[in-house]
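Have the sequence and the 3D view open as you read.

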Amino acid sequence: MKAEEIDFYSLGFEFIETEAMFVSDYKEGKWDEGRIVPFGPFEISPGACVLNYGQGVFEGMKALKTKFGEIVLFRPEENAKRLNESASRLLMPSFDTEGFINAVKKVVKANENYVPPYDSGGALYIRPILIGTGPILGVAPATEYKMIIFTIPVGPYFPEGFKAIDLEISKKYTRAAPGGTGSSKTCCNYAGTMKPAKETKAKGFAQIIYLDAANMEYIDEVGTANFFAVINGKLSTPMLKGTILPGITRNSVLELASKNLNMEVEERDISYKELFTESCTEAFCTGTAAVITPIGTITLENNKKTFNNCEPGDITKKLYDLLTGIQRLEIEDPYGWIEKV
Ligand code: PLP
Ligand code: COI
């Protein structure tokens, strides 16, 4: 789609093609230099490992426009690191961190016209994918890979925007199990969440809160975001134990809460039962796409908890203002999180 035809003020999270993408190929044990090419389809063998055995990982990041018209990235090095951690879990080759950040910057520059204006609240979503393209029959890693980085202009992931969403705790489905791939951003982790998401949406919920598969007791995360709750005045989030994606927004929010808000923060097992007690006063989820999304209600079967009349809580709001303020450079970035394109 041509940039001129886009209404940046009413974007959701739909797929919109932009002009350019980055492609790099891995053959004979090394990555080539990579290049910017027009966005479009490419050929792949039907025997490609990613098509048959799901050997693919991805990342999600955003380029934002600041008040001053600059285009900035948020902690791109963390995405580079996580991409390599995910790749390592699927026996895929790693990609040089600096090369990754440069490639991301090149793609964003090539699609500059698609970065939504500052006052629209939108972003240019950046999607790096790393896939096993080499054909393989026995279940084993491919010998050839592709790294592709493409972009899509987006508005909020949850159409409600910075409004509270309704979530359902599932006792029927799990997302990840101990020893599995839950802490890696593998494509397959998401395939299994589509059916649960469809079913919960049909009941009027925005997403599912997954419990830990081992006990069906402790909160893992939301289908596409990490989970936070304010319990007894402390900011609590499920600890990383291999089944949860180590969110970059999650890590940033923990830092903002402890350093900027002087809050006590804790990473621990959180029983779903705690959410239904009076000590739990706020809940929200975090992610690149979700940013900070307040949770209005949490339902498990016949139990329903409503937070703050479905309005964003004070702490949620403060953290949202801090995070988005730093991300768009409205507030000075004391952490060195922002990188100009
Ligand atoms: N959890 C899952 C399953 C996700 O898909 C995402 C999104 O990337 C997150 C958590 C949040 O991670 P981040 O804050 O790095 O975007
Ligand atoms: C992100 O927040 O970037 C994600 O990857 C979530 C998503 C799968 C849309």
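Predicted model: local features only at pLDDT ≥ 70, side-chain atom pairs only at ≥ 80, totals over all residues.

Residues are numbered from 1 along each chain as its sequence is written, chains are lettered from A and ligands numbered from 1 in the order in which they are written, and side-chain values use heavy atoms, leaving out hydrogens and water.

**The cores**

A nonpolar core here is a set of buried Ala, Val, Leu, Ile, Met, Phe, Trp, Tyr and Cys residues joined through side-chain atoms within 4.5 Å. Buried means under 20% relative accessible area, exposed over 50%, and partly exposed in between, using a 1.4 Å probe and protein chains only. The largest such core has 73 residues, and F100, V108, L130, L235 and L319 have the most contacts inside it. Why does this core lie between domain 1 and domain 2? Both domain 1 (3–154) and domain 2 (165–326) give residues to it, so that is where it lies; the bounds come from an automatic or database domain assignment. Another core, of 24 residues, lies apart from it and includes F227, Y272, I298 and F307.

Take L130 as an example: beyond its neighbours within four places in sequence, its contacts (heavy atoms within 4.5 Å) include W31, V57, L83, M92 and Y145.

**The rings**

There are twelve aromatic pairs in the structure. Rings of Phe, Tyr and Trp (its six-membered ring) pair if their centres lie within 6.5 Å; planes under 30 degrees apart count as stacked, over 60 as edge-to-face and the rest as tilted. Two of the pairs look like this:

| Pair | Centre to centre | Angle between planes | Type |
|---|---|---|---|
| Y26 and W31 | 5.2 Å | 65 degrees | edge-to-face |
| F58 and Y190 | 4.9 Å | 65 degrees | edge-to-face |

Y26 is buried at 15% relative accessible area, and W31 is buried too, at 18%. Ring pairs also link Y26 and W31 with F95 and Y145 into a cluster.

F58 and Y190 are both buried.

**Around ligand 2**

F58 and Y190 turn up again among the residues surrounding ligand 2 (a heavy atom within 4 Å), along with F13, Y125, R127, K185, T288 and A289. An oxygen atom of ligand 2 is 2.6 Å from an N or O atom in the side chain of Y125. For A289, a polar backbone atom is 2.8 Å from an oxygen atom of the ligand.

Technical notes. Polar contact = N/O pair within 3.5 Å; in protein donor to acceptor, adjacent residues only side chain to side chain.
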